[in-house]
Amino acid sequence: MSREKDIAWAAGLFEGEGTLYVTAQTGTPCAALKMTDEDVVRRFASIIGEGRVSKAIPGFPRKPIWLWRLGTKAKVSALIELLYPYLGERRRAKADEILTICRQPKRKRPPLSAASRRKMSESAKRRWAAL
């Protein structure tokens, strides 16, 4: 298949099975695609060239779920630009909303006091620094 056809295929799959969202904790724009067909998810990831594929195993008797995720402003912006010409009206509206967030400068937080830093867990410190 040509590169253009591959991108069109990936956009069609993303239109039906993908999602664009902003994380509640950090406000980071993300993209995800989830389904039970590993080969299809891996093909999508291969065409996009970015992101991470992982496997979730729900309770019996359900099939394993394959999840592709992408989660930085630059990478989500690049994904949207790649797929945008092939997306439907509703998905384009969401893409425009996410692109607006991607284009915003990183928020600055006031420095933490020494007492506050001592009370925070290491993961909370990393999250705070990422904001």
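Which residues in α2 are buried? In this predicted model, where local features need pLDDT of at least 70 and side-chain atom pairs count only at pLDDT 80 or more, while totals for chains, interfaces and linings use all residues, they are Val40, Val41, Phe44, Ala45, Ile47 and Ile48. Residues are numbered from 1 along each chain as its sequence is written, and side-chain values use heavy atoms, with hydrogens and water left out. Buried here means under 20% relative accessible area, exposed over 50%, and partly exposed in between, with a 1.4 Å probe and protein chains only; helices (H or I, at least four residues) and strands (E, at least two) are DSSP runs numbered from the N terminus.

Seen down the axis of α2, the buried residues fall within an arc of 165 degrees, taken from the directions from the helix axis to the C-beta atoms, so they line one face of the helix. An α-helix has 3.6 residues a turn, so residues three or four places apart point the same way. On the other side of α2, Asp39 and Ser46 are exposed, and just after the helix Gly49 takes a positive phi of about 80 degrees.

The buried residues of α2 pack, through contacts of heavy atoms within 4.5 Å, against α1, β2, β3 (52-56), β4 and α3. Leu79 touches Phe14, Ala31, Ile48, Trp68 and Leu70, when residues up to four places away in sequence are not counted.

The sheet is open, and its four strands stand in the order β1-β2-β4-β3 with antiparallel pairing, two strands being paired if DSSP finds at least two bridges between them. β1 (18-22) and β3 are at the edges, each with a single partner strand, so one side of each is left without a neighbour in the sheet. Five bridges join β3 to the antiparallel β4, and Arg52 stands opposite Arg69 in β4.

α2 packs on the sheet, touching β2, β3 and β4, and its direction makes about 15 degrees with that of β4; axes are lines fitted to C-alpha atoms, for helices over the stretch in contact, and angles run from 0 to 180 degrees between N-to-C directions. α4 lies across β1 and β2, running at about 35 degrees to β1.
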